[in-house]
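Try each task yourself, then read the solution one step at a time.

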Amino acid sequence: MRRLGMGVALCIVSAATAFAQDAVQHSGKPGLWEVTTTMTWQKSPVPPGSPGGPPGAGTHSTSVCLTQAMVDAGALFPQSRGQCKIENKVIKPGTVTADYVCTGKMKGKGMLEATFTDPEHSSGSLHFTGTLDVGPQAKPIEWTTVSTSVLKSAECPSSQPRVPATPKAAQ
């Protein structure tokens, strides 16, 4: 079995989490947010969760601290990770949509969408289909993540790292 590059695995996990964070910023309040993401595999070239394979399916949570400046700037969006980038971003009141396009070892396109019901709650999803180079062959890959974000506190603990904002020119 060929090993899946760690960069591809990190790309998959971080895309959904960062997108949920972006949804929070486009209508959310500053403070400490809890982002919970559930991942489901439809197609994987190697068993998810196996050594060297893609991350396993399941749910994980992370805390994110957003400042008022980050909320006002609306600058945070999933970073380009490896050879994946955000294209066709559309921001409307209460909704953010975009394409997640990969052109490297993992090739394909995902549709990102985030909505928030109020300034303290948001939800998002990412569905990606494409191929992944496994040795000399391109194998089909398809996965879905669903995220929810909830404001936990208006104050961030001093130990909580703040999420760096992406410069507007890089969006």
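**Exercise 1.** Find the cysteine that is bonded to Cys-65 and give the distance between the two sulfur atoms.

*Solution.* Step 1: keep in mind that you are looking at a predicted model. Step 2: start at the sulfur of Cys-65 and look for its partner, which is Cys-156, with the sulfur atoms 1.8 Å apart. Step 3: compare this with the cut-off, since a disulfide requires sulfur atoms within 2.5 Å. The pair Cys-65 and Cys-156 does form a disulfide. Step 4: look along the S-S bond of Cys-65 and Cys-156, where the angle of 110 degrees goes with a right-handed link. Cys-65 belongs to strand S2 (residues 58-66), while Cys-156 sits in the segment after strand S7 (137-153). The two are 91 residues apart, so this pair links distant parts of the chain.

**Exercise 2.** Decide whether Cys-65 and Cys-156 are buried or exposed.

*Solution.* Step 1: recall that buried means under 20% relative accessible area. Step 2: Cys-65 has a relative accessible area of 0%, so Cys-65 is buried. Step 3: Cys-156 has 19% relative accessibility and therefore counts as buried.

**Exercise 3.** Write down the disulfide pattern of the protein chain.

*Solution.* Step 1: the structure has two disulfides. Step 2: count the bonded cysteines along the chain, and the pattern reads 1-4, 2-3.

**Exercise 4.** Describe the protein chain as a whole: how many helices and strands are there, and in what order do they run?

*Solution.* Step 1: count two helices and seven strands. Step 2: read from the N terminus to get the order α-β-β-α-β-β-β-β-β. Step 4: turn to contacts with a separation of 6 or more, where residues 24 or more positions apart account for 60%. Step 5: finish with the accessible surface, about 8300 Å², of which carbon and sulfur atoms hold 55%.

Technical notes: Residues are numbered from 1 along each chain as its sequence is written. This is a predicted model: local features need pLDDT of at least 70, side-chain atom pairs count only at pLDDT 80 or more; totals for chains, interfaces and linings use all residues. Side-chain values use heavy atoms; hydrogens and water are left out. Helices (H or I, at least four residues) and strands (E, at least two) are DSSP runs, numbered from the N terminus. Contact means heavy atoms within 4.5 Å. Accessible areas come from the Shrake-Rupley method with a 1.4 Å probe; for residues, only the protein chains shown count as cover. Buried means under 20% relative accessible area, exposed over 50%, partly exposed in between (1.4 Å probe, protein chains only).
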